[in-house]
Amino acid sequence: MGKPNYLAAYPLELQQQVQALLESGRLATHLANKYPQRHAVQSDAALYDYVNELRQRYMRNAPPVSRVLYDSKIRVVQHALGTNTHISRVQGGKLKAKNEIRIATVFRDAPAEFLRMITVHELAHLKEKDHDKAFYQLCMHMEPAYAQLEFDVRAWLMVRETVVE
Ligand SMILES: [Zn+2]
């Protein structure tokens, strides 16, 4: 199996530019200089607080998130940067909904902006299930730089895979 193409949704010319930067070794440096700041969200408890703080600030009307965790088993591919599960079950005649957000563990060691991007992405899924216009509008509402950040996160994932292999 080949490597996932994290930039498949972007114009070919842009993909080729990033690929050239990657091969010359300059992509890693570029991203490290652009995003020098790490974050302190290292435990699942800290991640829970971080996610819920953003939810309360921007998505007060969205359903609550009952469980938040870093998950090392998530394979970070094109459309699964994190996962978002919505479990509904009937308890004592009442329908109880539970939302769970799992963030791929690679984001624990990521620049602060990248954790924010993935969190915004998963929070937006509480309201919008598909990656459509309404979804991205919601992401931009929470993080105006969302589009650039998602692109840079994908480039960063390419760097990481190159280093690991
Ligand atoms: Zn998504």
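Of the 165 residues of the protein, 41% count as buried, where buried means under 20% relative accessible area, exposed means over 50% and partly exposed lies in between, with a 1.4 Å probe and protein chains only. This is a predicted model, in which local features need pLDDT of at least 70 and side-chain atom pairs count only at pLDDT 80 or more, while totals for chains, interfaces and linings use all residues. Residues are numbered from 1 along each chain as its sequence is written, and side-chain values use heavy atoms, with hydrogens and water left out. The accessible surface of the protein comes to about 9300 Å², and 53% of that surface belongs to carbon and sulfur atoms; such areas come from the Shrake-Rupley method with a 1.4 Å probe, and for residues only the protein chains shown count as cover.

The secondary structure comprises six helices and three strands, taken as DSSP runs numbered from the N terminus (helices: H or I, at least four residues; strands: E, at least two). Read from the N terminus on, the elements follow the order α-α-α-β-β-β-α-α-α. Among contacts between residues at least 6 apart in sequence, 68% join residues at least 24 apart, a contact being heavy atoms within 4.5 Å.

The aromatic side chains come next. A search of the whole structure finds six aromatic pairs, counted when ring centres of Phe, Tyr and Trp (its six-membered ring) lie within 6.5 Å, with planes under 30 degrees apart called stacked, over 60 edge-to-face and the rest tilted. One of these pairs is F114 with W156, which is edge-to-face because the ring centres are 5.5 Å apart and the planes stand at 65°. This pair links distant parts of the chain, since F114 belongs to helix α4 (residues 112–124) and W156 to helix α6 (residues 146–164), 42 residues apart. F114 counts as buried because its relative accessibility is 0%, and W156 also counts as buried, at 10%. Ring pairs join Y35, F107, F114 and W156 into a cluster.

The zinc ion is coordinated by the NE2 atoms of H121, H125 and H131, at 2.1 Å; donors are N, O and S atoms within 2.8 Å of the metal (3.2 Å for Na, K and Ca), and sites may look incomplete because water is not among the atoms. In sequence, the donor residues are spaced H-x3-H-x5-H, and both H121 and H125 are buried.
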